[in-house]
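These are my notebook entries on one protein model, written in the order in which I looked things up.

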Amino acid sequence: MAMMITNETYTLSNGVQIPKLMLGTWLLNDEEAEQAVKDAIALGYTGIDTAEAYGNEEGVGKGIRESGVEREKLFITTKVVAEAKSYDEAAKAIDESLAKLDIGYIDLIIIHAPQPWAEFRGEKRYFEENKEAWRALEDAYEAGKVRAIGVSNFMVDDLENILSDCRVKPMVNQVLAHISNTPFEWIDFCEKNGILVEAYSPVAHGVVLDNAEIKEIADKYGVSVSQLCLKYDIQLGMVVLPKTANPDHMKENAELDFTISDEDMEVLKGMKKIEDYGRDGFFPVFAKG
């Protein structure tokens with residue numbers, strides 16, 4: 001039987017262990033999320049990633065409670081909505097997530113984006129507002145409601161803004177990172193500042209699956225393109241969060257018992273950037289409207 005990497009972890013800057021592989025639950029409703037969480041935990045997964053914006057925290061929490069695995073053995077991440085840009089809104093969002101998940105505490109809570117989704121990557125940067133929201137995360141951390149805090153989709157200057165004025169440094173930054181679109185500048189900055197990078201959409205929404213050059217390298221190792229993509233991110237020191245509700249895919253995603261050579265890593269790092277994700281390119285804007 002192939003070795004599973006479900007027990008492998010990184011260590012966050014505060015000493016907390018985080019799984020290298022976590023189940024993503026984006027686009028799953030409560031019922032689907034509950035089943036996916038139970039299936040993943042049954043396969044040995046210990047890490048589950050959700051978000052208030054996904055609207056499935058209750059289902060994720062139910063799946064965790066019904067999994068039969070002790071809470072302490074699992075690592076659960078959720079995210080404060082990108083629109084919560086004041087101290088009070090962020091503090092309220094954290095308490096709402098705690099209530100919906102109903103699992104006692106949250107292992108990692110992160111700010112979903114530096115701007116509200118309707119203005120994502122727009123001109124207004126929300127630097128002061130993000131500091132306010134960050135204070136709410138620091139307080140939740142110091143109160144023991146969460147074991148670690150971080151951010152998502154934060155660019156270098158967004159991170160510098162928080163680092164310039166925080167009591168607790170962000171422990172993670174969750175970003176889009178995959179073969180043919182790897183933000184090396186962000187990754188280097190995070191590494192220098194003790195911030196672990198988490199890669200969402202590590203299989204590029206499926207777009208890379210048809211890439212002949214990537215497939216050729218995967219064939220060389222006798223693995224699928226998905227497995228190669230996940231291993232690539234892990235070898236760059238990132239947590240991977242592949243989203244699936246299919247137990248066969250969950251199992252395959254955890255079978256990463258191979259090493260990509262330095263030479264092949266360089267080829268993969270230099271892959272031409274995907275400009276158009278086609279029909280898979282929709283990043284839903286979670287704006288309430």
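**Entry 1: a pair of residues in the sheet**

I began with valine 80, which stands opposite isoleucine 111 in strand 6. I noted that this is a predicted model, in which local features need pLDDT of at least 70 and side-chain atom pairs count only at pLDDT 80 or more, while totals for chains, interfaces and linings use all residues. I also noted that residues are numbered from 1 along each chain as its sequence is written, and that side-chain values use heavy atoms, with hydrogens and water left out.

For the words "helix" and "strand" I kept to DSSP runs, numbered from the N terminus, with at least four residues (H or I) for a helix and at least two (E) for a strand. I then looked up how strand 5 (residues 75-80) is joined to strand 6 (residues 106-111), and found 4 bridges between these strands, which run parallel. Two strands are said to pair if DSSP finds at least two bridges between them. On strand 4 (residues 47-49) I found 3 bridges to strand 5, again in the parallel sense, and here glycine 47 has phenylalanine 75 as its bridge partner.

In which order do the strands of the open sheet stand? I read the order as 3-4-5-6-7-8-9-10, which makes 8 strands with parallel pairing. Strand 3 (23-24) and strand 10 (239-241) each have a single partner strand, so these two stand at the edges, and one side of each is left without a neighbour in the sheet. As background I wrote down that strands of a sheet pair through backbone hydrogen bonds, either parallel or antiparallel.

I next asked how many residues of strand 5 are buried. The count is 6 of its 6 residues, so strand 5 is mostly covered, where buried means under 20% relative accessible area, exposed over 50% and partly exposed in between (1.4 Å probe, protein chains only). Helix 4 (residues 127-142) lies across strand 5, strand 6 and strand 7 (146-152), and runs at about 160° to strand 7. For such angles, axes are lines fitted to C-alpha atoms, for helices over the stretch in contact, and the angles run from 0 to 180 degrees between N-to-C directions.

**Entry 2: salt bridges**

I looked up the salt bridges and found that the structure holds 25, each being a side-chain nitrogen of Lys or Arg within 4 Å of a carboxyl oxygen of Asp or Glu.

Lysine 62 forms one with glutamate 34, and the closest N and O atoms are 3.8 Å apart. This pair links distant parts of the chain, since lysine 62 is in helix 2 (residues 57-65) and glutamate 34 is in helix 1 (residues 30-42), 28 residues apart. Lysine 62 is partly exposed at 36% relative accessible area, whereas glutamate 34 is buried at 14%. Not counting residues up to four places away in sequence, glutamate 34 touches Gly59, Lys62, Gly63 and Glu66, where contact means heavy atoms within 4.5 Å.

Arginine 125 forms a salt bridge with aspartate 158, with 3.2 Å between the closest N and O atoms. Arginine 125 is in the loop between strand 6 and helix 4 and aspartate 158 is in helix 5 (residues 156-163), 33 residues apart. I also found Glu34, Lys38, Lys62 and Glu66 joined into one network by salt bridges that share partners.

Aspartate 158 counts as buried at 2% relative accessibility, and the buried residues of helix 5 are Val156, Asp158, Leu159, Asn161 and Ile162. These buried residues pack against helix 4, strand 7, strand 8 (172-176) and helix 6 (184-192).

**Entry 3: helix 2 against helix 3**

The side chains of lysine 100 and glutamate 57 meet in a salt bridge of 4.0 Å, N to O. Lysine 100 is in helix 3 (residues 87-101) and glutamate 57 in helix 2, 43 residues apart. Lysine 100 counts as partly exposed at 31% relative accessibility, and glutamate 57 as buried at 2%.

How do the axes of helix 2 and helix 3 cross? They come within 7 Å and cross at roughly 45°. The two helices are therefore oblique to each other, because angles under 35 degrees count as roughly parallel, over 145 as roughly antiparallel, 65 to 115 as roughly perpendicular and the rest as oblique. The contact is made by Glu57, Glu58, Val60, Gly61 and Arg65 of helix 2 and by Ser97, Lys100 and Leu101 of helix 3.
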